Amino acid sequence: MLNLIIFGPPGSGKGTQSARIVEKYKLTHLSTGDLFREEMEKNTPLGQEVRKYIDQGLLVPDEIALRELYSRASEHMDSPGFIFDGFPRTIVQAEALDQMLNEREIPICLVISVEVDREELFKRIIGRGEDSGRSDDSEDIIRRRLQVYEEQTLPLISYYKNQGKFVAINGMAHVDKVFAKICHAIDTYLETKKVVPEVE
Ligand code: ADP
């Protein structure tokens with residue numbers, strides 16, 4: 001079982017990289033952001049609830065994120081592995097995920113962090129906002145999302161470094177190059193069970 005977390009701030013390109021990883025390694029993609037956007041598009045009660053937070057650039061409460069993630073994950077327990085994208089985003093979520101996976105003896109193998117400068121992130125999301133149609137891609141909301149990321153999600157770096165699972169990838173390069181580095185980290189893990197802490 002290959003269980004990965006793809007980690008990185010909004011605009012780091014982790015969605016694009018996840019899609020490629022899923023295709024190459026045949027993993028089940030679990031993205032809480034995609035899941036919430038689907039619910040908002042369908043205007044379900046859950047969609048209406050999460051919109052209150054997402055449109056302000058805030059995190060959805062942990063209990064909702066956890067409940068929805070569990071429910072999606074449990075539909076795919078026969079999968080050869082998962083890639084968690086946009087989850088966990090808080091220490092509470094990370095601890096709950098570890099508990100769920102450890103109970104099933106399918107722990108996280110690697111946390112792949114796609115690292116991009118703050119300035120570049122801002123430029124990328126503003127650029128994307130012009131055609132993404134995402135209600136949370138306006139300038140002030142992006143600032144809030146980056147701030148929330150720094151305050152609530154960055155602590156996960158030490159959490160996973162302490163577990164020896166953290167891999168930092170330079171995300172400023174071309175998408176193909178970033179993908180090649182990610183594959184290098186995954187393939188090394190699959191062949192040797194060793195975690196490469198940094199791929200330049
Ligand atoms: P991005 O990485 O561009 O911020 P996502 O698609 O991962 O985009 O998430 C969009 C929004 O959905 C977040 O800003 C947040 O409000 C909400 N969200 C997604 N995943 C979670 C989560 N695990 N916990 C809390 N809120 C979440």
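Which elements each supply at least two residues of the lining of the largest cavity? Strand S1 (2–7) and H7 do so; helices (H or I, at least four residues) and strands (E, at least two) are DSSP runs, numbered from the N terminus. The model is a predicted one, in which local features need pLDDT of at least 70 and side-chain atom pairs count only at pLDDT 80 or more, whereas totals for chains, interfaces and linings use all residues. Residues are numbered from 1 along each chain as its sequence is written, and side-chain values use heavy atoms, with hydrogens and water left out.

The empty spaces may be taken in turn. Rolling a probe the size of a water molecule over the atoms shows where empty space is left. On a 1 Å grid over the protein atoms alone, a cavity is a set of points where a 1.4 Å probe fits but cannot get out, while a pocket is an open set with protein on both sides within 12 Å along at least five of seven lines; lining residues have an atom within 4 Å of a point. Grid points are joined across faces, edges and corners, and a volume is the space filled by probe spheres set on the points.

The whole structure holds one cavity of 30 Å³ or more. The largest cavity contains about 80 Å³ of space, and its lining includes Lys14, Gly86, Phe87, Pro88, Arg89 and Tyr149. S1 gives the largest share of this lining, three residues. By class, the lining has six nonpolar, three polar and two charged residues; here Ala, Val, Leu, Ile, Met, Phe, Trp, Tyr, Cys and Pro count as nonpolar, Asp, Glu, Lys and Arg as charged, and the others, Gly among them, as polar.

Two of the cavity-lining residues, Phe87 and Pro88, are joined by a cis peptide bond with omega near -5 degrees. Pro88 belongs to the loop between strand S3 (81–85) and helix H5 (91–103). Another backbone feature is found at Lys26, in the loop between H1 and S2: this residue is not a glycine, yet has a positive phi of about 55 degrees. Most residues other than glycine have a negative phi, and most peptide bonds are trans.

The largest pocket has a volume of about 870 Å³. It is lined by 41 residues, and Lys14, Arg37, Arg89, Arg134 and Arg145 are the closest to its centre. H2 gives the most to this lining, with five residues. The lining comprises 16 nonpolar, 15 polar and ten charged residues.

The ligand sits in the largest pocket, meaning that more than half of its atoms lie within 2 Å of the pocket's grid points. Around the ligand are 18 residues, of which Lys14, Thr32, Arg37, Leu58 and Gln93 come nearest; a residue is near a molecule if one of its heavy atoms lies within 4 Å of it. Helix H2 (residues 32–42) contributes four residues, the largest share of this shell. An oxygen atom of the ligand lies 3.0 Å from an N or O atom in the side chain of Arg89, and a nitrogen atom of the ligand is 3.0 Å from a polar backbone atom of Gly86. The protein covers 96% of the 550 Å² of accessible area that the ligand has on its own, as computed by the Shrake-Rupley method with a 1.4 Å probe.

Conventions:
A polar contact is a pair of N or O atoms within 3.5 Å; within protein, one must be able to donate a hydrogen and the other to accept it, and residues adjacent in sequence count only if both atoms are side-chain atoms.
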